Amino acid sequence: MRYTIQRLLQAVPVFFATTFLIYAMVFALPGDPIVALAGDKPLSPELLHTLRERYHLNDPLLVQYGRYMLNAVQGDLGQTFTGQPVSELLQGRWAVTAQLAVTAWIFELVVGIGLGVIAGLRRGGIADTAVLAGTTFVIAVPVFVVGYTAQILLGLNLALFPTAGVDEGWPVSYLLPGMVLGSFGLAYVARLTRTSLIENVRADYVRTARAKGLRRRRVIGRHALRNSLIPVVTFLGVDFGNLMAGAIVTEGIFNLPGIGQQVFQSIQLQEGPVVVGIVTMLVMIFIVVNLLVDLLYGVLDPRIRRA
Amino acid sequence: MLEAQIAETGADRMKPGSLWYDAWLELRGRVIFWLSAVILVVAVVMAAFPGLFTGLGPYERCNLRLFRKGPDGVAVFGYDTQGCEYWSQIVHGTRASVMIGIAVTVFALLISIVLGLLAGYYGGWLDAVISRLTDVFFGIPFVLGATVILIAFPRHGIWAMTLALVVLGWTTMTRLMRAQVIAVRDMDFVAAARMLGANDRRIMFKHILPNAIAPVFVVAMLNVGNVIAGEATLDYLGVGLQYPDVSWGLQLNVAQSYFAENPHLLVFPSLFLTATVLSFLLLGDVVRDALDPKLR
Amino acid sequence: MSRLVSLFTLSGNTPREEHVTVLTRIRGFAVLLATALAVSACGGSEPPAAGGGQPGAKEFSVALTEPDHLTPGNTSSSYSITVLQALFDLPVVIDAKGQPQMRAAESVTSEDQKVWTIKIKPGQKFHNGEPVTAESFADAWNAAAYGPNAWTNNYYFENIEGYDKLNPEAPEGSEEAPKPTVDKLSGLKVVDPNTLQVTLTGPFSQFPITLAYTGFAPMPKAAFADLAAYDIKPIGNGPFALDGTWVRNRQIKVKKFEGYAGPRPAKSGSINFKIYESRDTAYVDLRAGKVDLIQTIPPASAPEAKKLLGDRFVATPSGTMDYLGFPVFDKRFASADLRRAISMAIDRQAIVDAVFNGAFKPMSSLVAPLVPGYREGACGEACVYDVAKAKALFDKAGGFSGTMNLYFSNADPSYEQWMTAVANQLKDNLGIADIQFRKVPAADYLSTLREHKQDGPYRNNWVMDYPSPQNYLQPMWGEGNRMGWESKEFNDLIAQANSAAGMEASIPLYQQAEDVALREMPMAPLWNWQDQGGYSDKITGVQIDAYSPNLDLITVK
């Protein structure tokens, strides 16, 4: 319990440092968002001033950040330059991205660990070679190539999945994008599981357990696999945040109205509140997931609890 | 000395009977090792001396009227959208992809070894500081962070890209390294070495590092592919490299609009990319297998 | 004359293209207006009321990019306008031939071109049942002209009397403008429910055609109770009414307005505007039968789309043009011969073929072909690809030393592709060794150009506001242009043309001005855009023109 509270307290400075870092970087972007919004129109100084005041662009960076955070705590994430409240804008989008990320994550978890175990247990066999070759291929091909190819082949030509959009809801609309998004992490998970399992299967304690007469299945299942999953759990925890952010490309290809599309556009438009709003949420998710990973560590490896 | 026998490394590295020598003995008998080594040597030579493979410079003697023409007798790889001979463009593209992939990984690996060892071994406040620092950078998602950085500094070349990718790319390995160090540091042989009077540095680098590095090394090898794909993704999003730089990422970026009708645009850079990444992965695998005493 | 300029410059040469939607190139969509031909400004002949086509209860879908606003006074985005053209009947409309026709107005007349009388057709209703009166227009226009509202189309009302009272200037030394003391334009007078009198600050013969711009749409009283709510659920007077609210980034649904009494009742039951982030995805959905109409097929997919869709592939000529501008203020580009040499070293046809799949038209004129007064080949040999002549002229002009930076924005990847082709050609044909790209963030691009920070050739794009050579020549080559080019001869000719008796008489003068600009070549024409749309076999009656997608004409099978 004390460990949990300690970890929570550690998360606070991380939270502020990360959000401020992003806020400062967005602030450092060249160009004037208001002038850009007006395009080529001769914006009158009065209008410019009104708009800049409205979006608090005239204040120093720290003041802007402070005001933003103060309002954010009260649930007000500011407005986009088109006048929509950011919280409202993100509300609908988070659901989309979360569903996408969860789909991808489940895919990674189940298929990735499954493949890794199969490969690791029969090291050097056909399955192992196939998994190695397959994961290598997936890592080697950029995600947008995978995405477009999957969309054209599986979505359009074979019509196995919807091509784009979220009309059919979860899970149907999210299967193909989720698989594309998760393919990369899946390759990692499979390889990590395999490597780790191979190490552990040969470890002394497994040999000891076998020597003591325990059945192979029990030794692998209870001891080797559990220990092998430590690095895998680290990765999976870590990857959930990446999935949410990595959705930029996947959402673009499959026209999913999630945060990925929004954040890319907002960076280019320098919509600080939106970018920071998204990052704030991402950081929070990241912190919670990491906390869970740390706690899981304790379950998987009792030595950590003592540390 | 007993300590030296516990982890047989040190100055006598390549002597018969040492870990590294044994590894070499095992490696040189493996086909995959030679295959990937040859491919990587070719890729590195291609990156360093493109002139050996093509007489044309980047974007030299392009004839726009030959745009996206398939392979013919003159140009074995056909032409790109700009009507440039594709073979020579791909050769020149090797440099950016290979260099960024390797440089980012090497820098990130060095950072993560140092930070991971310090944090995992000493624990306490040092661990807290390093872990929180890792957390801060780790909390910035890769594509998102890179996009912000690269848009903020629009005039970036290969080295600026490398820097941006290192800034965002050192955290995963550091965390893994730290976790590994924590798992290893309580092992008996570390305690034995400490009792025998080894100092912290020696314990960290001679005893813990070799026993903790294997998964990190695997991730680093995979990371080369990760970085190259990430770089290509940034190119695809239009925030990565740009003319006059040439890269496989840029070529794939252009190709994705046309690959249905002009598959050669996609196929050739993908082949080079895949072969290079594959080689890194396989080489990583065999080297790890050979090095890891636990697997013998 | 300067009024005429300021009225039109703002409608957006590039804004719709360079701002909000950075991810997708917006279709070159003539937002505004029409020819300046029908200055007579009496009631145009009414288009025949749409005959007894069975109003199908069926729905079709249209691919759209997320609009910025749906309040007519507060958007110039072509996506918003696509929706607004279904929701609103404007006083005037431009037909497919570029001729202005009366729509919500019965007539727009003036004795002296300064005081205009707009007669509103009686019997029109808003979607909420409110009658459409002169006041509906006055209210909407006052709101747009009221400075503190900060609406996008504010500038369109600049030439109506009383505009400055609603937009007071900040006093010397202060950035803060005082709050206006009035909130109504003194130049707008509601004479009776069907008559609106507009007093301009000076004579302006083309006033009637400006009324075809969606910024001049009427708004009901109900709108002003909650403008934020109105922005996501606008109430119009057109053949379609909003069904539900605008679901951001998802869809905008509209349904046939049963109480519609105007000349163009909807032939379908409802339209679902599906919002897409990228035109590639929209096109994939069209192929998969998930969307019925898209107005922007990605150029790379055009050949395939032509094969696939056959008759259902629609190419619409557009007024949009791309140019390569030169920083004449930079002394390395001061020589007209050098600029002409660069123009001659660019193989426009090859670029159009390679990058745009042949869909765009290489240009040898500064104005688009659909503009009256367009002359094919006006540019002469300076726009003809000729390597030998280009090189000779280039050497004669003293060549070019140092790094040549090419400027364009990051709004669309195709810019980089054609700039790469230009760079290669300049390198090969003229021997300019060191060429670098300056890909400027879209948010920063136009201010870079405005502030003359570009030190090399740059991409310049123009979306036509109304089909007149004046709309191209004066804003781009006139005083205060981005090239830093100054020509009294040119400016005088434009002034003469603007004050000419009529359109007919002005054209030869505009053409002379164009000749001056081509001779000096501060900016070289590259190509004219073409919009490529397509539709599913589920719908018929698609008649997209340069001024409107005419969604009311579409029938669902």
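This is a predicted model: local features need pLDDT of at least 70, side-chain atom pairs count only at pLDDT 80 or more; totals for chains, interfaces and linings use all residues.
Let us begin with confidence. For the complex, the predictor reports an ipTM of 0.72 and a pTM of 0.73. Chain B has an average pLDDT of 81, and 90% of its residues score at least 70. Within chain B, helix α4 (residues 86–122) has the highest confidence, at 91, while helix α1 (residues 2–6) has the lowest, with a mean of 38. The pLDDT is below 50 over residues 1–13 of chain B, and in the model this stretch has 20 contacts beyond near neighbours in sequence. For chain C the average pLDDT is 83, with 88% of the residues at 70 or above. Residues 1–56 of chain C have a pLDDT below 50, and this stretch has 180 contacts in the model beyond near neighbours in sequence. Please keep those two stretches in mind as you turn the model around.

Now to the fold of chain B. Of the 296 residues in chain B, 56% are buried. Taking contacts in chain B between residues at least 6 apart in sequence, 69% join residues at least 24 apart.

The UniProt record, an unreviewed entry, places the feature "transmembrane region" at residues 31–53, 96–121, 133–152, 158–177, 208–229 and 266–287 of chain B.

Along the way, α10(B) bends by about 55° at Leu209(B), and a proline, Pro210(B), follows within four residues. The helix is also mostly covered, with 31 of its 37 residues buried. Just after α10(B) comes Gly238(B), which takes a positive phi of about 85°.

Next, the contact between chains A and B. It takes 47 residues from chain A and 41 residues from chain B. On the side of chain A that touches chain B, several helices supply at least two residues each, among them α6 (126–140), α8 (172–201) and α12 (272–300). The largest share comes from α1(A), with 10 residues.

In the model, residues 130–154 of chain A are 92% helix and 0% strand, and the end C-alpha atoms lie 22 Å apart. For residues 174–192 of chain A the span is 100% helix and 0% strand, with end C-alpha atoms 26 Å apart.

Asp239(A) is found in helix α10 of chain A. Why does Asp239(A) count as buried? It has 25 C-beta neighbours inside 10 Å, and the cut-off for buried is 20 or more. Leaving aside its neighbours within four places in sequence, Asp239(A) is in contact with Glu108(A) and Gly185(A). Pro177(A) is 62 residues from Asp239(A) in sequence and 16 Å from it in space, C-alpha to C-alpha.

Finally, we come to the contact between chains C and B. This contact takes 23 residues from chain C and 20 residues from chain B. On the side of chain C that touches chain B, at least two residues each come from α11 (348–356), α13 (413–430) and β15 (435–440) of chain C. Of these, α13(C) gives the most, with nine residues. The residues of this side of chain C divide into 11 nonpolar, five polar and seven charged.

Definitions and conventions: Residues are numbered from 1 along each chain as its sequence is written. Chains are lettered from A and ligands numbered from 1 in the order in which they are written. Two residues are in contact if their C-beta atoms, placed from the backbone, lie within 7 Å. Ala, Val, Leu, Ile, Met, Phe, Trp, Tyr, Cys and Pro count as nonpolar, Asp, Glu, Lys and Arg as charged, and the others, Gly among them, as polar. pLDDT is the predictor's confidence in each residue, from 0 to 100. UniProt positions are given in the numbering used here, feature names are shortened, and annotations may be inferred rather than shown by experiment. The bend at a residue is the angle between axes fitted to the seven residues ending there and the seven starting there. A residue is buried if 20 or more other C-beta atoms lie within 10 Å of its own, exposed if 12 or fewer, and partly exposed in between; C-beta atoms are placed from the backbone.
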